[in-house]
Amino acid sequence: MNKERNKERNQERNKKMNRVKNFEEEYVDINGVEHYLLHYKIRKEAPVLIFLHGGPGQSEAMIAYIVEEYASRNYNIVYYDQRGAGKTYLKNKKARPDTETLKEDLLEIVLYVKRVYQKDKVGILGHSWGSVLGSMFALEHPEHILYYIGCGQVINLMENERVGYLKLKAAIERSGNEKDRKKLEKIGEYPVEGTFDIKTYQKMGKVRKLQGKYHLAAKFDKSMIRMFRESPIMGMADLFPFLAGVTVNMQVMKELMSFDLKRKGIEYQVPVYYVLGENDQQTPVEISMAYFDEISAPDKKIYLIKNAGHIVMIDNMDDYRAAVCEIVGGKIER
């Protein structure tokens, strides 16, 4: 057993070592915290996107190598680990984020990226929790951005959880799986209005696990573990922020529980594009589409990605890439 495990580890290590390093890493001091930035570049004159990861506190930089390494990419992209997430957390373990602080950090990140790439504006691409941060930035700082792209778009977390829970309940009833029905019954009232605490998180985790089983939410399975292991930027220490993420980001989660994008506004001064998995019930696609129908923007379009759920960029990578490339459009931002 140990020989097989060592062989597997050696194979993973060899894959990492043999991978062409076509990215750049750096740490940048933003508001007193060293932020980790991961750059995938094609050419200086191409447009730049900033990717905002989900969670809160769940870095997606480790899967960038899968998503961004393709020949037809027509944009530069910068992933960064937010305060309280990933490699940024490892450098700054005492830093505890809240929504306003993360918004301030994002503004400084945008200004930094604009300087480095010599751009007047950049694109913002937000996934899941990152779509909350990205939407607010698009509404509040349109002078800095080319367009906003939302994936796994969050409109109202409590509404998401209510709809997702009811669909899970219906799926379990249709399946006739008595064991899962009892698991759901044992969870009790869900979602629970009010503040977010560790008990709420534990309930959410149990719901997510069942949702994953019934293909209603992202599923953390062997394929996901393999992606992490083969990531050229991933080491053993990088697992710790995933375990600590909820505790570190507790204040952000409390604030997210009462978030409603409709109250933030529906009038955008920049183009808005949604790239949504048609099967996403973690952030139910129908809720995102209903809000999208209400917004006004200089340009807007929904890309509904077939055979994809919440992690649309992994579930159907080809169509996700095609959508993002079409949004960027090959236009050069000078």
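Tutor: Two strands pair if DSSP finds at least two bridges between them. Strands (E, at least two residues) and helices (H or I, at least four) are DSSP runs, numbered from the N terminus. In this predicted model, local features need pLDDT of at least 70 and side-chain atom pairs count only at pLDDT 80 or more, while totals for chains, interfaces and linings use all residues. Residues are numbered from 1 along each chain as its sequence is written, and side-chain values use heavy atoms, with hydrogens and water left out.

Student: In which sense do E3 and E4 run, and how many bridges join them?

Tutor: E3 and strand E4 (residues 76-80) run parallel and are joined by 5 bridges. Within this pair, Phe 51 stands opposite Tyr 79 of E4.

Student: How many residues of E2 are buried?

Tutor: Burial is judged by relative accessible area (buried under 20%, exposed over 50%, partly exposed in between; 1.4 Å probe, protein chains only). E2 is mostly covered, for 7 of its 8 residues are buried.

Student: Which residue in the turn of the E1 and E2 hairpin has a positive phi?

Tutor: That residue is Asn 31. Its phi is near 50°, a positive value in a residue other than glycine. Asn 31 belongs to the loop between strand E1 (24-30) and strand E2 (33-40), and with 41% relative accessibility it counts as partly exposed. Asn 307, likewise not a glycine, has a positive phi of about 55°. Asn 307 is in the loop between strand E8 (300-305) and helix H14 (312-315), and it is exposed, at 61% relative accessible area.

Student: Where does Pro 56 lie, and what kind of peptide bond joins Gly 55 to it?

Tutor: Pro 56 lies in the loop between strand E3 (48-52) and helix H2 (64-68). The bond from Gly 55 to Pro 56 is cis, with omega about 0°. Tyr 190 and Pro 191 are also joined by a cis peptide bond, with omega near -5°. Pro 191 is found in the loop between helix H7 (178-187) and H8.

Student: At roughly what angle do the axes of H6 and H8 cross?

Tutor: Helix axes are lines fitted to C-alpha atoms over the stretch in contact, with angles from 0 to 180 degrees between N-to-C directions. The axes of H6 (residues 157-175) and H8 (residues 198-213) come within 10 Å and cross at roughly 50°. The contact (heavy atoms within 4.5 Å) includes Tyr 165 and Leu 168 of H6 and Met 204 and Val 207 of H8. H6 and H8 are therefore oblique to each other (under 35 degrees is roughly parallel, over 145 roughly antiparallel, 65 to 115 roughly perpendicular, the rest oblique).
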